Amino acid sequence: MLASALGVLLVNRRELLSLVVTPPLVFFCATLFVELGRAFGSVSIVQSLALGLYTSMTRGAPWLFAGSAIVLGVAWRRGLRDNVRELREELKAGAEAARPRQSFVPEPEGYFEPKVYGTPRGED
């Protein structure tokens with residue numbers, strides 16, 4: 001928790017958004033790695049992994065939530081709101097650029113109606 005609080009104070013303001021997401025992700029990956037190592041020595045790897053993840057995550061949840069709340073609070077004061085706004089604008093611009101542009105002129109109504117070419121045949 002102290003490392004996250006210190007990190008949010010020392011990191012560049014442009015990197016606040018990625019910093020806020022990183023501690024929970026690192027905690028989960030580290031817990032998964034440790035519990036996977038413990039599960040290999042058991043009879044049922046899947047059951048042991050699930051139980052180990054559950055107990056480790058519930059044991060660490062209060063610290064994780066408290067640390068995340070502190071980091072979010074400090075990051076919000078340092079300019080996280082601007083980072084989120086910039087990300088939204090970039091995503092909106094990317095979505096607009098990905099939309100296909102209408103590069104053709106639609107045909108007038110009745111375009112698909114059958115047309116008769118030539119002159120009618122005389123009856124023999």
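**View 1. Val71 is buried, with a relative accessible area of 3%**. Buried means under 20% relative accessible area, exposed means over 50%, and partly exposed lies in between (1.4 Å probe, protein chains only). The model is predicted: local features need pLDDT of at least 70, side-chain atom pairs count only at pLDDT 80 or more, and totals for chains, interfaces and linings use all residues. Residues are numbered from 1 along each chain as its sequence is written, and side-chain values use heavy atoms, with hydrogens and water left out. Val71 belongs to helix α3. Its C-alpha atom is 9.7 Å from that of Val21, although 50 residues separate Val71 and Val21 in sequence.

View 2. Helices (H or I, at least four residues) and strands (E, at least two) are DSSP runs, numbered from the N terminus. Read from the N terminus on, the order of elements is α-α-α-α. The protein has 124 residues, and 19% of them are buried.

**View 3. Helices α2 and α3 come within 9 Å of each other, axis to axis**. Helix α2 covers residues 16-39, helix α3 covers residues 45-78, and their axes cross at roughly 165°. Axes are lines fitted to C-alpha atoms, for helices over the stretch in contact, with angles from 0 to 180 degrees between N-to-C directions. The two helices, α2 and α3, are therefore roughly antiparallel to each other, a term for angles over 145 degrees. Sorted by class, the contact of α2 with α3 holds 17 nonpolar, six polar and two charged residues. Ala, Val, Leu, Ile, Met, Phe, Trp, Tyr, Cys and Pro count as nonpolar, Asp, Glu, Lys and Arg as charged, and the others, Gly among them, as polar.

**View 4. The largest pocket is lined by residues that include Val71, Trp63 and Phe27**. A pocket is an open set of points on a 1 Å grid over the protein atoms alone where a 1.4 Å probe fits, with protein on both sides within 12 Å along at least five of seven lines; lining residues have an atom within 4 Å of a point. Also in the lining of the largest pocket are Met1, Ser4, Pro23, Gly60, Leu64, Gly67 and Ser68. The elements that supply two or more residues to this lining are α2 and α3. Helix α3 gives the most, with six residues. The lining of the largest pocket comprises six nonpolar, four polar and no charged residues.

View 5. Leu53 is buried, with a relative accessible area of 17%. Its C-alpha atom is separated by 8.8 Å from that of Leu36, and Leu53 and Leu36 are 17 residues apart along the chain. Arg38, in contrast, counts as exposed, at 54% relative accessibility. The C-alpha atoms of Arg38 and Leu49 are 7.7 Å apart in space, while the two residues are 11 residues apart in sequence.

**View 6. Arg13 lies in the loop between α1 and α2**. Helix α1 covers residues 2-10. Arg13 is partly exposed, with a relative accessible area of 48%. Along the chain, Arg13 and Leu80 are 67 residues apart, and a distance of 7.7 Å separates their C-alpha atoms.

Methods: Parallel < 35°, antiparallel > 145°, perpendicular 65-115°, else oblique.
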